[in-house]
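Please read this short briefing alongside the structure shown below.

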Amino acid sequence: MNASLKLTPAQVKQAAAEAADPQAIVRDALARLPGDKGAVYEDEVIEALRVIRRKSEAEYARLIANVKGQRTRLDKLTKGEGEQHDSPQDMVLAVARQHATYAHTAEGAGVALIEIEGRQEVHMLNSTGFDRWVRGQVYAAHKVGIPDQAMKTAIATLGAVGTFEGPEVQTYLRCAKQGDAYYLDLCDDGWKAVRIAAGEWSLLDRSPVLFVRTAGARPLPQPGARGNVNLLWKHLNIPKDARPLVLAWLLDAMRPDTPYPVLELAGEMGSSKSTTQRRLRALIDPVAVPLRGAPKCVEDIHIAAANAQVCSFENLSSLSQDMQDALCILSTGGGYATRQLYTNGEEHVITSKRPVMLNGINGVATAPDLIERVITVELPTIAAAKRQDEQSMEAAWLRDYPAIFTGLLTLFAEALEMLPKVEIPEGMQKRMLDYQRLGEAVCMALGGKAGEFSQRLDSMHGDSLARGLESYGVAVGIQMLAARPEGREWEGTYLQLLTELNRMPEIDRSNWPRSPRHLSGQLKRIAPGLRRAGVRIEAAGRGRTGAKVRIVRE
């Protein structure tokens, strides 16, 4: 025999292992593992794992993916002589640090800044987008998948890198403002954005602000050279008088530096409420699920706000007082705190300010505090002869969609140019004054007269306040009391007033106060609506039997 063909004992052992079925050996050991913790460390099992790993790193990773707490030791034992196999965590960290830099937000959340083919992508480390990018990079480099636990460990390490080595950055969702300009993330594959300033807008290949995206975000159309915002009314069932209110709401939804009014669409069944709402959202914040059902609790509202620029709920029949208060918070900005999961003392705080859209057969905003923030639009009934099938409507919308979006950007730029010239008529200032001023600018940009928008807004608010009063039996009782021929004024304690109201027949008492204190709270809520109806509520000091109230008919 030729001495050069002589095999060493190690080579003989390796050849024997390869001649056997290494996967069968490993699977047998894994089956015995629950009752025999040393099964995977037997010599023939380690040798079988070496053979499998040498032939396919991916198959090796799959086989031992569920071996809890022993992966690192098995990786070391199955290395070949002179081989340097990286652990899955090392693979993730190597590619993730090579192709990205890391930072953190003021709240301590990790952020990845990734340069890809001349564009910059921004991902939160806990997002599905970053998880998908990392797994793709590892597979491209090593042709292996990464177990979830290894990925979790590696991302925790990258979070520490961003926190302790990276800078603090501010991230934005869909809309942002920097200096005098507004920015809108198109959410397309090229990570383009639109810059809108007074009198001009431009398409940017690289945004100067850091936009992040949620899993449900969908792209806006790429704007063209020419647009026509008037094409919008072909696709929406909005009455002509309400169109400036809706346009102003759309543009205001792109301004993160001002409070957001709530848009409420009401109308009979078949008045195209949901389609109208879906189209409006598509011009600001298209998402995979553009309309949601009624929230079950206040937390649902805040979670929706944390994951999209626009909160959109459909087919509402009513909203509790707590939910209406939550919408008020979203309108002007605020937070929601709850106990951190799996802890006893830590709080999890969701801070947000978002535009909100609602629809229902009847208006659901009944709390006066919310009514002052709501733009209510009554949609007219669509005649049977004018109804269209969904496919034809969608095809027509997709044809006009880019031109409408481009026209909206042009209108926004023109309104911003007009905004410094806006003066609200004396006594017409509303609570949502920023929206009102933008609406006046929109009307001026469209060729309307100064003050025209404020008049429409005042008329709409008057109707909404009157509707809100109808949901409070106390408001009806106060108006009946003020209308008595005995005089224009009534004065007494809250207990006396409640006693007087309890005597009145034919009043809805489903929301009736149970005590003088509850009556006092309700009167504060409905006072703005009552003033508009010609009834003034005044504090009248304190008497020997308690606080007094005065009701004056104007």
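The model is predicted. Its average pLDDT is 86, and 92% of the residues score at least 70.

**Confidence**
- Residues 1-7 have a pLDDT below 50, and this stretch makes two contacts in the model beyond near neighbours in sequence.
- Where pLDDT is low, the predicted coordinates should not be read in detail.

**Pro244**
- Pro244 belongs to helix α9, which covers residues 243-252.
- Pro244 counts as buried because its relative accessible area is 11%, and the cut-off for buried is under 20%.
- Leaving out residues up to four places away in sequence, Pro244 touches Cys443, Phe453 and Arg456.
- Gly448 is 204 residues from Pro244 along the chain, yet their C-alpha atoms are 9.9 Å apart.

**Largest pocket**
- The largest pocket has a volume of about 2100 Å³.
- Its lining consists of 49 residues, and Met124, Thr171, Leu173, Val212 and Ala306 lie nearest its centre.
- Elements that each give two or more residues to this lining include strand β3 (119-124), helix α7 (128-142) and helix α11 (298-306).
- By class, the lining of the largest pocket holds 21 nonpolar, 16 polar and twelve charged residues.

**Second largest pocket**
- The second largest pocket has a volume of about 600 Å³.
- Of the 26 residues that line the second largest pocket, Asn237, Ser271, Ser272, Ile382 and Met393 lie nearest its centre.
- Helices α10 (273-282) and α14 (390-418) each give two or more residues to this lining.
- The lining of the second largest pocket divides into nine nonpolar, eleven polar and six charged residues.

Methods:
Residues numbered from 1 in each chain as written. Predicted model: local features only at pLDDT ≥ 70, side-chain atom pairs only at ≥ 80, totals over all residues. Heavy atoms only, no water. pLDDT = per-residue confidence, 0-100. Contact = heavy atoms within 4.5 Å. Helix = DSSP H or I, 4+ residues; strand = E, 2+ residues; numbered from the N terminus. Buried < 20%, exposed > 50% of the residue type's maximum accessible area, 1.4 Å probe, protein only. 1 Å grid on protein atoms, 1.4 Å probe; cavity = no way out; pocket = protein on both sides within 12 Å on 5 of 7 lines; lining within 4 Å. Points joined across faces, edges and corners; volume = space filled by probe spheres on them. Nonpolar A, V, L, I, M, F, W, Y, C, P; charged D, E, K, R; others polar.
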